[in-house]
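Subject: Structure for your review

Dear colleague,

Please find the structure below, together with its sequence. My notes on it follow.

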Amino acid sequence: MSLLLTIQAAHGGLKVASEGINVVGHNTANATSDGYSRRTMVSTAAHPLQRGGHWLGQGAKTMQFLRQSDVFVERQIVKNHGQQTRAKTAFESIRMLEAQLSDGAKGSLVEGYNHFIDSLKQLTEDPGDTIFRSQLLTDAENFTNSVQEVGRFLDDRQQSVREDLELAMSEINALSESIAEHNRRIRRSSNTMSNSDLIDQRDRLIAEVSKLIGVEVHFKADNQATVFFNGHPLVQGIGSRDLSYSEDSVGRPVFFLETNSGQIDVTAGLKGEFGGKLDAYDASQDLLDDLDTFVIDFSTDFNTQHASGFDLNGNAGGDFFSFNSIAPTTSFSVDSTLLSDVTLIAAAGAATAEYGDRDNLDLLLDIDEVAMFSSGAYTPRQFLTSIYADLAKKVAENEMDYEMYTTQITDMFDLRSSISGVDLDQEAMKLMEYQASYEAAARVLTVSNQLLGELMQLL
């Protein structure tokens with residue numbers, strides 16, 4: 001073997017060892033980085049040369065840098081991100097609704113209704129007492145105000161969801177474009193360290209998109225990623241599609257995926273933070289619908305019975321409550337004519353000048369004990385209580401989903417760590433191996449240099 005070939009082989013050894021040390025340093029520096037996949041260097045012997053019937057080695061060379069990962073695990077993590085974040089967002093948002101509307105809180109719907117019924121009962125003791133009548137109207141007004149406050153709170157929450165989702169569209173589209181750009185850069189690069197870094201960066205972007213809207217991803221052999229949303233490609237190769245925001249006829253958020261031929265409604269496929277917020281929006285709407293039902297049915301029945309009685313002046317009663325049919329909950333109130341004149345409360349069952357007639361008042365109280373709502377299954381008090389029960393059930397369901405998906409994604413992260421994680425002990429052993437290789441190659445190069453110097457002196 002010639003002296004020059006020896007120097008060349010030593011140089012190759014130095015280069016491979018140096019690159020190996022760099023890989024170890026890269027792994028060690030990123031050992032705690034989220035989403036980092038361990039790198040390994042694959043080296044092999046360079047193709048030997050044939051000289052005079054003999055094969056002469058040319059040392060070692062680096063073949064490629066591998067990114068240690070499992071496609072199945074990565075796909076499952078992306079999918080679980082969307083499911084877990086949706087359950088978490090829905091749980092936290094609906095739990096906040098429950099806390100705001102707690103039936104045990106002061107000024108709650110149930111408490112307001114109970115005070116109103118108690119004032120009705122108190123008035124039966126002396127239907128002509130103006131103090132009792134004033135207290136009844138005060139408690140009735142407090143009750144209607146509590147219903148209005150809940151309605152306004154729910155309207156505000158829904159408006160907040162609309163604004164948040166609409167504003168986030170630009171972020172989603174920017175992330176999709178960035179994923180496509182990373183695909184383009186990955187396609188152009190070879191199996192280098194920078195290529196693996198690009199893949200890690202792109203996969204973190206995909207995870208962010210999944211946390212927002214919930215996506216699935218397919219990886220190809222050339223490291224290209226196709227991101228699917230609701231069964232449709234959101235990012236395919238170096239191209240991406242935009243999402244757009246709209247609202248339907250009743251104001252519910254609607255999402256469209258832009259295509260060459262138009263738009264596709266993908267609202268039903270929302271997961272992630274967006275899906276959780278939409279679940280909270282729907283929970284608010286269900287609550288509003290229930291309260292609208294309560295206001296309409298309770299007010300109609302109560303007003304009908306009140307109109308059949310007579311006030312202190314011997315006149316037929318009018319409406320006790322009023323509401324706007326377009327927005328019953330937020331317009332629910334005590335009739336303004338009653339608030340201006342307490343004698344107009346129709347407690348009597350007949351046109352009489354005597355104050356002791358409470359016949360109609362008893363019939364008004366009976367409404368509290370009758371299943372008078374559209375379903376025919378609830379009394380007014382039971383209906384209000386059922387609203388809280390339904391809300392608590394939704395909170396519990398989303399909490400269970402959140403815990404389940406959190407367990408699943410934790411297991412997937414543990415599995416990913418066993419495949420792609422950095423073991424500092426192993427890296428330390430590799431570092432010693434590469435240092436030894438470097439020192440050996442350096443020693444060969446030093447000796448070769450000395451021999452070459454001696455040879456030149458002899459010449």
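Which residues have the most contacts inside the largest nonpolar core? They are F116, F302, F320 and F321, in a core of 47 residues. A nonpolar core is here a set of buried Ala, Val, Leu, Ile, Met, Phe, Trp, Tyr and Cys residues joined through side-chain atoms within 4.5 Å. Buried stands for under 20% relative accessible area, exposed for over 50%, and partly exposed for what lies in between, with a 1.4 Å probe and protein chains only.

Before the details, please note the conventions. The model is predicted, so local features need pLDDT of at least 70 and side-chain atom pairs count only at pLDDT 80 or more, while totals for chains, interfaces and linings use all residues. Residues are numbered from 1 along each chain as its sequence is written, and side-chain values use heavy atoms, with hydrogens and water left out.

Nonpolar cores

At least two residues of the largest core come from each of the helices α2 (71–100), α3 (109–123), α4 (130–167), α7 (272–307), α10 (359–366) and α11 (380–420). Helices (H or I, at least four residues) and strands (E, at least two) are DSSP runs, numbered from the N terminus. With its neighbours within four places in sequence left aside, F116 is in contact with L136, D139, A140, F143, F298, F302, F320 and F321; contact means heavy atoms within 4.5 Å. A second, separate core has 30 residues, among them L165, V209, L257 and Y281. As background, nonpolar side chains tend to be buried together in soluble globular proteins.

H81 counts as buried because its relative accessibility is 8%. Apart from neighbours within four places in sequence, the contacts of H81 are A207, S210, K211, I409 and F413.

Salt bridges

There are 15 salt bridges in the structure, each defined by a side-chain nitrogen of Lys or Arg within 4 Å of a carboxyl oxygen of Asp or Glu. Three of them are described here.

D197 and R39 meet through their side chains at 2.6 Å, N to O. Because D197 belongs to helix α6 (residues 193–213) and R39 to strand β1 (residues 39–45), this pair ties together parts that are 158 residues apart in sequence. R39 is buried, at 1% relative accessibility, whereas D197 is partly exposed at 22%.

K277 and D164 form a salt bridge at 3.5 Å, N to O. This pair also links distant parts of the chain, with K277 in helix α7 and D164 in helix α4, 113 residues apart. K277 is buried, with a relative accessible area of 17%, and D164 is partly exposed, with 33%.

In the salt bridge of R358 with D362, the closest N and O atoms are 2.8 Å apart. R358 is partly exposed at 33% relative accessibility, as is D362 at 25%. Elsewhere, salt bridges that share partners join R39, R67, D197, D200, R202 and D203 into one network.

The open sheet

Four strands form an open sheet in the order β5-β6-β7-β8, with antiparallel pairing. Two strands count as paired if DSSP finds at least two bridges between them. The edges are β5 (216–219) and β8 (239–240), each of which pairs on one side only.

Strands β6 (residues 225–229) and β7 (residues 232–236) pair in the antiparallel sense over four bridges. Within this pairing, F228 stands opposite P233, and F229 has H232 as its bridge partner. The two strands form a hairpin with two residues between them, and N230 in the turn has a positive phi of about 55°.

Strands β7 and β8 run antiparallel and are joined by two bridges, with V235 opposite S240. They too form a hairpin with two residues between them; here G237 in the turn has a positive phi of about 65°.

Nonpolar surface patch

L452, L455, M456 and L458 make a nonpolar surface patch of about 420 Å². Such patches consist of residues with over 30% relative accessible area and no salt bridge; like charges are joined within 9 Å and nonpolar side chains (Val, Leu, Ile, Met, Phe, Trp, Tyr) within 5 Å. Accessible areas come from the Shrake-Rupley method with a 1.4 Å probe; for residues, only the protein chains shown count as cover. M456 lies in helix α12 (residues 424–458) and is exposed, at 55% relative accessibility.

With kind regards
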